[in-house]
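Me: Got a structure I'd like to talk through. Can you take my questions as they come?

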Amino acid sequence: MSKLQTFFKYFGPGLMYAGAAVGVSHLVQSTRAGAVYGYELLGVVIFANIIKFPFFEIGTRYTIVTGKSLLDGYQNLGRWPIWIFFIISLGTMCVIVATVTLVTSGLFATILGVEIQPWLLCALILSFCFILLAVGKYSALDKLMKWIVIGLTITTILAVFFSFFANVPKLSTPAKSFSLSDAVDVSFLIALMGWMPIPIEAAVWQSDWTLAKKEENGGELPPMKWALLDFHIGYWGTTVLAVFFLILGSNMMYNTGGTFSTNAVTFASELIRLYTSSLGSWAYPIILLAAFFTMFSTTLTCFDAYPRVVANASQRVIPRLASVSREKLYWIWIVVVALGSVGILAFFLTSMKGLVDFATTVSFLNAPILALIHHLILFGKDIPKEHRPSPFVNLLSWFGIVFLFGFSIYFLQVRFFS
């Protein structure tokens, strides 16, 4: 088998990660960052991806070394880590799925050209996801994701390139600058970093997708170098895309007097206009479909991932569920996620921006706890020394933990006590 054939045989979980990551954090938050602050937060986007890298790579590294789910690593640390993961996932899964589905519904409504209640559109989208997962399971998800991520990457690169030549009128007055002493600015920074590139619990998703890929490959896990290559392509590729979205927002909206709407449908139209203003009106249907399928891929992967890992975790924290088949629990939790997500949008939605900022902020405040757990697993007894990352990654991991704890405390102080 040639190297190219070997690569495509094991290629998949990394793009699944990319499909989940390139959603709200990129299309919404990175673009908003550029539109509001220009290039000021460019370094923040890159920084967030770098310091969180060890906490995501463990999802692949642990599974390849041990052949088990990362949740086994949680459990081997004692009961408190697995309970923490279970409670965090249980408390955030419906909010996160509701958030990504809401953005997807805005793009879907733009495609249809109709006004439908967001909760109803979200119910339709999640119903279709349910059918797709029931019929195709991991294989369908794996194949679909490759084309979606590649398509959006190409169109985004083109849009960013042409945005440098677009004639966008700018205001003569200086735009607002970012300030660490401004509670509004700090709140946005936390929201931006919360899902940059994706909530840290997604490392467990990556682990379980790697195991699902193993089943598809006849019970064979890939060699470490191929698994890490797949992950690195997905991880650093989404980092580059986050930078591109910020550049696009800055080039096309910064200091123009324009702002993004808090309504999902209006926001979708404004987002597509950024692309078409750069590329031309001919690109409208292409960009609209690419953006929709990108957000749909995020919805689909999150809708699959949360029930998958919560089913796994629930069997570990609730002994009575150990006798229930994992697949049955998966479908029970997927129904819970669907009903909970639609319920949030039907009864509690006030604005897309508010829901996005709330979900991303909660994820940021959870991040240091999960980061510490992942560090303890990564450099613990489950992974032999020869399979651990380099000393530099060890230092990077500790730096990330200290920063996440420190900045979370700073945010709470600025937000509630200043």
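This is a predicted model: local features need pLDDT of at least 70, side-chain atom pairs count only at pLDDT 80 or more; totals for chains, interfaces and linings use all residues.

What follows is a short chat about the core, the salt bridges and some helices.

Me: OK. Which residues touch the most other members of the largest nonpolar core?
Reply: L41, F56, Y74, W205, F303 and L404 do. That core has 129 residues.

Me: Which helix gives the largest share of this core?
Reply: Helix α12, residues 284-317. It supplies 17 residues of the core.

Me: Switching to charges. How many salt bridges does a search of the whole structure find?
Reply: Four. One of them pairs R316 with D72, at 3.1 Å from N to O.

Me: Where do R316 and D72 lie?
Reply: R316 is in helix α12, and D72 is in helix α5, residues 70-76. So the pair ties together parts that are 244 residues apart in sequence.

Me: Are those two buried or exposed?
Reply: Both R316 and D72 are buried.

Me: What does R308 form a salt bridge with?
Reply: D304. The closest N and O atoms are 3.0 Å apart. Both residues lie in helix α12, four residues apart, which is about one turn of the helix.

Me: What about D382, which residue does it form a salt bridge with?
Reply: K381, with the closest N and O atoms 3.8 Å apart. K381 is exposed, at 68% relative accessible area.

Me: New topic. Where does T153 lie?
Reply: In helix α7, residues 118-163. T153 is partly exposed, with a relative accessible area of 24%.

Me: How far apart are T153 and T294 in space?
Reply: 9.8 Å, C-alpha to C-alpha. In sequence they are 141 residues apart.

Me: Last one, helix α13. What does α13 reach from its first C-alpha to its last?
Reply: 31 Å, close to the 32 Å expected. Helix α13 covers residues 326-347, 22 residues in total.

Me: Which residues in α13 are buried?
Reply: Among them are L329, Y330, W331, W333 and I334. The buried ones also include S341 and G343.

Notes:
Residues are numbered from 1 along each chain as its sequence is written. Side-chain values use heavy atoms; hydrogens and water are left out. A nonpolar core is a set of buried Ala, Val, Leu, Ile, Met, Phe, Trp, Tyr and Cys residues joined through side-chain atoms within 4.5 Å. Buried means under 20% relative accessible area, exposed over 50%, partly exposed in between (1.4 Å probe, protein chains only). Helices (H or I, at least four residues) and strands (E, at least two) are DSSP runs, numbered from the N terminus. A salt bridge is a side-chain nitrogen of Lys or Arg within 4 Å of a carboxyl oxygen of Asp or Glu. The expected span of a helix is 1.5 Å times one less than its number of residues.
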